[in-house]
Number of protein chains: 2
Amino acid sequence: MKKGDIRLEEIYNYIKTFVDDNGFPPSVREIGEKFAIKSTSTVHYYLEKLRNRGLISQDPNKKRAFSITQTRSPSNYIPLIGNVSAGKGILAVENIEGEFPMPQEIFHGNDLYMLHVEGDSMIDAGIADGDYVIVHSQNIVEIGEIAVVLWQDKATIKRISATVPNLVLHPENKQMTDIIITPEENPSIIGKVIGCVKKF
Amino acid sequence: MKKGDIRLEEIYNYIKTFVDDNGFPPSVREIGEKFAIKSTSTVHYYLEKLRNRGLISQDPNKKRAFSITQTRSPSNYIPLIGNVSAGKGILAVENIEGEFPMPQEIFHGNDLYMLHVEGDSMIDAGIADGDYVIVHSQNIVEIGEIAVVLWQDKATIKRISATVPNLVLHPENKQMTDIIITPEENPSIIGKVIGCVKKF
DNA sequence: TACAAAAACAAACTTTTGTTCTAAAAAAAT
DNA sequence: ATTTTTTTAGAACAAAAGTTTGTTTTTGTA
């Protein structure tokens with residue numbers, strides 16, 4: 001590798017982390033300051049190299065406006081819901097503990113949220129205590145799908161095995177039995193589990 | 001909600017998606033064009049509102065350089081490895097199929113990569129066919145940990161139950177038996193599985 | 001209706017920022 | 001040693017972009 005290429009890679013990495021940290025790219029002069037390059041034209045010379053190699057793309061008519069051309073999957077920011085209470089809407093700002101990026105290639109679409117799983121009632125479906133489930137906000141699910149059910153002011157994750165006359169929740173755990181909820185108990189389906197993130 | 005607030009929220013959302021799409025924020029004039037606002041000062045008036053509410057932050061001496069102040073977890077971009085072959089290093093550019101963002105709050109640190117899981121040999125550990133595992137690149141793991149083992153030019157995900165004299169791989173699947181690999185077969189541990197992402 | 005506040009506009013202004021031009025070191029190649 | 005290529009610098013420039021000022025229109029309310 002040539003000497004200039006090392007510098008070029010350093011500059012490229014600096015730009016990447018700058019964008020990650022700030023949400024906007026550095027200016028020519030900011031790059032120069034970072035690498036003790038005294039002339040803006042020198043920085044310009046390097047940026048043109050990056051452009052020629054296709055590592056950054058840039059609209060010539062815009063200032064401080066280049067983007068990194070990379071095989072990076074765009075993010076889908078999914079809110080993590082802390083307390084699921086019946087009072088307000090699930091996606092009310094008060095309940096959002098943070099927004100977590102997930103690869104859009106895996107989890108796309110809107111109306112998604114995440115929940116922190118408590119308990120091992122769905123362990124045989126690969127959903128364990130401490131995992132995060134990714135949920136699509138919807139009020140109806142098919143029989144056999146895994147749903148988030150709001151019941152007795154708590155959110156429960158179970159497989160739905162019947163809806164009429166009673167709502168039957170099936171835990172995926174051989175040591176547990178089905179939960180039968182009558183309409184009088186006012187259960188409500190608030191989402192369908194479409195994914196799960198676990199950490200060992 | 002007041003009329004101005006609706007507009008404000010629309011502008012705020014426009015900025016968010018613009019940054020997501022382009023990697024840099026829109027200019028005052030670009031925002032104006034989008035919302036058919038003819039005066040730059042009107043846009044400026046809205047941006048100041050967003051600043052006052054703490055929704056965006058901005059260095060007054062920089063152009064096209066505001067960032068969204070939000071409880072967004074920063075991304076950790078993790079490369080997805082396609083073909084795990086013994087020939088080149090695992091993390092060689094040729095093998096990278098894409099970089100997937102994951103929440104840094106859940107998966108932090110460097111030397112991570114992702115693999116697409118084939119087969120259900122680890123189903124009882126919650127790792128199923130089609131899942132993505134998140135792996136920390138390392139050559140030694142503790143007994144009992146789940147590892148990625150390169151053997152016979154293929155990557156296998158198994159729990160390690162012994163390393164000497166033979167490497168013993170334990171599938172988490174009651175229908176499968178342990179795999180015993182002698183040192184002559186030249187197995188190598190290339191990572192420790194630290195997480196898993198699954199889609200239903 | 002009358003008044004005040006909010007929202008929108010227009011134009012001028014200042015600063016930032018990318019680009020260009022010319023030239024000079026420094027390094028590499030011959 | 002000489003030529004060529006690469007890298008760096010300085011200064012000037014033009015366009016982009018945020019800001020300011022003053023005015024007008026719209027909207028809500030007493």
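**Entry 1: one residue to start**

I picked Ile56(B) and found it in strand E1 (residues 56-58) of chain B. Helices (H or I, at least four residues) and strands (E, at least two) are DSSP runs, numbered from the N terminus. I'm looking at a predicted model, where local features need pLDDT of at least 70, side-chain atom pairs count only at pLDDT 80 or more, and totals for chains, interfaces and linings use all residues. Residues are numbered from 1 along each chain as its sequence is written, while chains are lettered from A and ligands numbered from 1 in the order in which they are written.

Is Ile56(B) buried or exposed? Ile56(B) is buried, because 22 other C-beta atoms sit within 10 Å. The cut-offs I used: buried is 20 or more other C-beta atoms within 10 Å of a residue's own, exposed is 12 or fewer, partly exposed is in between, and C-beta atoms are placed from the backbone.

Next I listed what Ile56(B) touches, leaving out residues up to four places away in sequence: Leu50(B), Arg51(B), Phe66(B), Ser67(B), Ile68(B) and Thr69(B). A contact here is two C-beta atoms, placed from the backbone, within 7 Å. I also checked Asp21(B), which is 35 residues from Ile56(B) in sequence and 17 Å away in space, C-alpha to C-alpha.

**Entry 2: chain A as a whole**

I counted 3 helices and 11 strands in chain A. Along the sequence the pattern goes α-α-α-β-β-β-β-β-β-β-β-β-β-β.

Then I looked at the overall shape. The C-alpha atoms of chain A fill a box of roughly 75 × 35 × 25 Å along the principal axes. Its radius of gyration is 25 Å, whereas a compact globule of 200 residues would come out near 16 Å. That radius is taken over C-alpha atoms, and the globule rule is 2.2 Å times the number of residues to the power 0.38.

I got 31% of the 200 residues of chain A as buried. Of the contacts in chain A with a separation of 6 or more, 50% come from residues 24 or more positions apart.

**Entry 3: strands side by side**

I followed E7 (residues 146-151) of chain A and saw it run antiparallel to E8 (residues 154-162) of chain A, with 6 bridges joining them. Strands pair if DSSP finds at least two bridges between them. In E8(A), Arg159(A) stands opposite Ile146(A). The hairpin has 2 residues between the strands, and there Gln152(A) takes a positive phi near 55°.

E7(A) also pairs with E11(A), again antiparallel, over 4 bridges. Here Val148(A) faces Gly191(A) in E11(A).

**Entry 4: the nonpolar cores**

Which residues have the most contacts inside the largest nonpolar core? I noted Met114(A), Leu115(A), Val133(A), Met114(B), Leu115(B) and Val133(B), in a core of 61 residues. A nonpolar core means buried Ala, Val, Leu, Ile, Met, Phe, Trp, Tyr and Cys residues joined through C-beta atoms within 7 Å. Leaving out residues up to four places away in sequence, Leu115(A) touches Ile81(A), Tyr132(A), Val133(A), Val135(A), Val148(A) and Ala155(A). A second, separate core has 22 residues, including Ile11(A), Ile31(A), Leu47(A) and Ala65(A).

**Entry 5: where the chains meet**

How many residues of chain B are in contact with chain A? I get 35, and they meet 35 residues of chain A. E11(B) gives the most to this side of chain B, with 7 residues. By class, the side has 18 nonpolar, 10 polar and 7 charged residues. Ala, Val, Leu, Ile, Met, Phe, Trp, Tyr, Cys and Pro count as nonpolar, Asp, Glu, Lys and Arg as charged, and the others, Gly among them, as polar.

Strand E11 (residues 188-199) of chain A is joined to E11(B) by 5 bridges, and the two run antiparallel. Cys196(A) has Lys198(B) as its bridge partner.

I then laid chain B on chain A: a turn of 180° and a shift of 0.3 Å along the axis give an RMSD of 0.4 Å. That is the relation of a two-fold axis.

I found a cis peptide bond joining Val164(A) and Pro165(A), with omega about -5°. Pro165(A) is in the loop between E8 and strand E9 (167-170) of chain A.

Ala36(B) has a positive phi near 55° without being a glycine. Ala36(B) lies in the loop between helix H2 (28-34) and helix H3 (40-52) of chain B, and is exposed, with 6 other C-beta atoms within 10 Å.

Technical notes. Least-squares fit on C-alpha atoms with pLDDT ≥ 70 in both.
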